[in-house]
Amino acid sequence: MSIFGRPHYTSDVTQFIDQLKSSRPDIEQGQREGRSLLWDKQVDRDLLAQAQAAQVPQQPYVYQTQPDPH
């Protein structure tokens, strides 16, 4: 047994999350649905490769349209 271990300790945050999950068992399903809306996207890799290949390199000074002739 480690001298730093707390075998029966649970933090206040862990207790709160456990209590929240027990009182609202549908919360995890809602989190998964929200995640799927924002993060879990199907990526068309061919389209992504085309978009990356079509990028134009940015000039060092963005607002200068013509290179300085000097």
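Predicted model: local features only at pLDDT ≥ 70, side-chain atom pairs only at ≥ 80, totals over all residues.

Reply: The questions below go from the overall fold to single residues.

Me: What share of the residues counts as buried?
Reply: A residue is buried when its relative accessible area is under 20%. The accessible surface of the chain is about 7500 Å², with 56% of it belonging to carbon and sulfur atoms. Of the 70 residues, the share that counts as buried is 1%.

Me: How many buried residues does helix 1 have?
Reply: Helix 1 runs over residues 12-23 and reaches 16 Å from its first C-alpha to its last, close to the 16 Å expected. This helix is hardly covered, and among its 12 residues the count of buried ones is 0.

Me: Is Asp 12 buried or exposed, and what is its relative accessible area?
Reply: Asp 12 has its place in helix 1. Exposed means over 50% relative accessible area. Asp 12 is exposed, because its relative accessible area is 62%.

Me: How far apart in space are Asp 12 and Asp 44?
Reply: In sequence, Asp 12 and Asp 44 are 32 residues apart. In space, C-alpha to C-alpha, the distance between them is 43 Å.

Me: How far apart are the centres of the positive and negative side chains?
Reply: The chain carries 7 positive side chains and 9 negative ones. The centres of these two sets lie apart by 7 Å.

Me: What kind of aromatic pair do Tyr 61 and Tyr 63 form?
Reply: The count for the chain is 1 aromatic pair. The rings of Tyr 61 and Tyr 63 are 6.0 Å apart, centre to centre, with 70 degrees between the planes. Both Tyr 61 and Tyr 63 are exposed. Planes over 60 degrees apart count as edge-to-face, and the pair of Tyr 61 and Tyr 63 is edge-to-face.

Methods
Residues numbered from 1 in each chain as written. Heavy atoms only, no water. Buried < 20%, exposed > 50% of the residue type's maximum accessible area, 1.4 Å probe, protein only. Areas by Shrake-Rupley, 256 points an atom, 1.4 Å probe, with all protein chains shown as cover. Lys, Arg positive; Asp, Glu negative; His and termini not counted. Charge placed at Lys NZ, Arg CZ, Asp CG, Glu CD. Phe/Tyr/Trp six-rings, centres within 6.5 Å; stacked < 30°, edge-to-face > 60°. Helix = DSSP H or I, 4+ residues; strand = E, 2+ residues; numbered from the N terminus. Expected span 1.5 Å × (residues − 1).
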